[in-house]
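Welcome! Please take a moment to look over the chain shown here before reading on.

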Amino acid sequence: MHVFRLRGNFETLDIYSAALFELGARGLEEKPGEVWAYFPERIELPFPGEWQELPDTDWLEAYKRDLQPVRAGPFVVLAPWHTWEGPEKRIVIEPGMAFGTGHHETTRMALATLAERVEPGMRVLDLGTGSGILAIGAALLGAEALGIDIDPAVIPQATENARRNQVKVQFQVGSLDDIAGPFDLVVANLYAELHAYFAQKYRGLFGVCGTLILTGILAEREGIVTSALEAAGFGLLARRQEGEWVCLTYAAR
Ligand code: SAM
């Protein structure tokens with residue numbers, strides 16, 4: 001197996017993943033400071049990084065074998081083959097190409113924050129739903145959840161994940177301009193620049209008041225989010241940080 005070690009991070013993965021798959025990558029994996037892109041053969045790539053040969057093991061099987069259950073607030077996120085005896089609320093996610101297995105800090109902080117803020121019957125929007133994990137978590141807490149994503153490829157995976165968890169969640173392809181509020185709570189695991197860009201539009205998703213949970217924010221870029229959200233009339237309610245990642249909770253007012 002040939003692996004291209006692309007220099008970058010989580011955001012690099014977000015930016016380049018479509019192009020890497022288009023160029024023939026069979027899988028992507030986030031490593032500290034790098035994204036590993038697995039290819040059946042070496043090709044010319046216009047990205048910063050270098051090639052490395054790996055022994056011909058089935059990396060996907062190895063990755064799945066090493067995947068451990070992960071706790072987030074009152075939840076535990078499991079792959080379908082895991083067993084779990086604890087009292088946590090289970091979320092079962094098939095690890096696939098859609099982001100959101102619970103192994104990233106941002107997903108875990110968003111789940112823990114949802115558990116503190118969601119009340120049964122709330123109308124919740126998960127913007128950038130990926131595997132559907134946050135919408136599914138909200139539905140397990142009793143919300144009426146909608147998951148939306150610009151990537152059509154994730155919708156069947158999210159739908160299947162909701163089915164596995166026996167919750168009713170609506171998923172659709174699109175972004176902010178394709179949905180009508182009002183929502184009681186919106187959660188978005190995107191990235192700092194996009195949150196800043198969406199700040200005014202986020203306000204339009206709520207009625208008189210509501211809760212906005214934003215993550216995918218690198219601590220060093222937090223300032224651009226806080227100033228944009230403040231200018232759009234949001235008030236900061238809470239902040240979490242795990243490693244270099246931040247999760248901000250706002251009140252729409
Ligand atoms: N919600 C999951 C989680 O927390 O683990 C997945 C988050 S993943 C970091 C970001 C997702 O947002 C990706 O599935 C991506 O396709 C989607 N996305 C990126 N930009 C978007 C946009 N402008 N509108 C809607 N979805 C977007």
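Predicted model: local features only at pLDDT ≥ 70, side-chain atom pairs only at ≥ 80, totals over all residues.

Residues are numbered from 1 along each chain as its sequence is written, and side-chain values use heavy atoms, with hydrogens and water left out.

**The cores**

A nonpolar core here is a set of buried Ala, Val, Leu, Ile, Met, Phe, Trp, Tyr and Cys residues joined through side-chain atoms within 4.5 Å. Buried means under 20% relative accessible area, exposed means over 50%, and partly exposed lies in between (1.4 Å probe, protein chains only). The largest nonpolar core holds 36 residues, and Leu111, Leu114, Val169 and Leu185 have the most contacts inside it. Helix α4 (residues 133–140) gives the most to this core, namely six residues. Helices (H or I, at least four residues) and strands (E, at least two) are DSSP runs, numbered from the N terminus.

Apart from this core lies another, of 29 residues, including Ile179, Val186, Ala192 and Val246. Which residues does Leu111 touch, leaving aside its neighbours within four places in sequence? They are Ala72, Phe75, Val77, Ile91, Ile133, Leu134 and Gly137, where contact means heavy atoms within 4.5 Å.

Asp149 lies in strand β9 (residues 144–149). This residue is buried yet has no salt bridge, and the nearest side chain of opposite charge, that of Lys201, is 16 Å away. For charge, Lys and Arg count as positive and Asp and Glu as negative, while His and the chain ends are not counted. The Asp149 side chain does reach the backbone nitrogen of Asp151, at 2.9 Å. That is a polar contact (a pair of N or O atoms within 3.5 Å; within protein, one must be able to donate a hydrogen and the other to accept it, and residues adjacent in sequence count only if both atoms are side-chain atoms).

Asp149 also belongs to the ligand's surroundings. There are 20 residues around the ligand, the closest being Thr107, Gly128, Asp149, Ser175 and Asn189; a residue counts as near if one of its heavy atoms lies within 4 Å. A side-chain N or O atom of Asp149 is 2.6 Å from an oxygen atom of the ligand, and a polar side-chain atom of Thr107 lies 2.7 Å from a ligand oxygen atom. Ile150 has a backbone N or O atom 3.3 Å from a nitrogen atom of the ligand.

**Salt bridges**

A salt bridge is a side-chain nitrogen of Lys or Arg within 4 Å of a carboxyl oxygen of Asp or Glu. By this rule the count comes to 15.

| Pair | Closest N to O |
|---|---|
| Glu222 and Arg239 | 2.8 Å |

Arg108 is in helix α3 (residues 105–117) and Glu242 in strand β13 (residues 234–242), so their bridge ties together parts that are 134 residues apart in sequence. Arg108 counts as buried because its relative accessibility is 17%, whereas Glu242, at 30%, counts as partly exposed.

Arg240 in strand β13 and Glu116 in helix α3 are 124 residues apart, and their pair links distant parts of the chain. Glu116 is exposed, with a relative accessible area of 51%.
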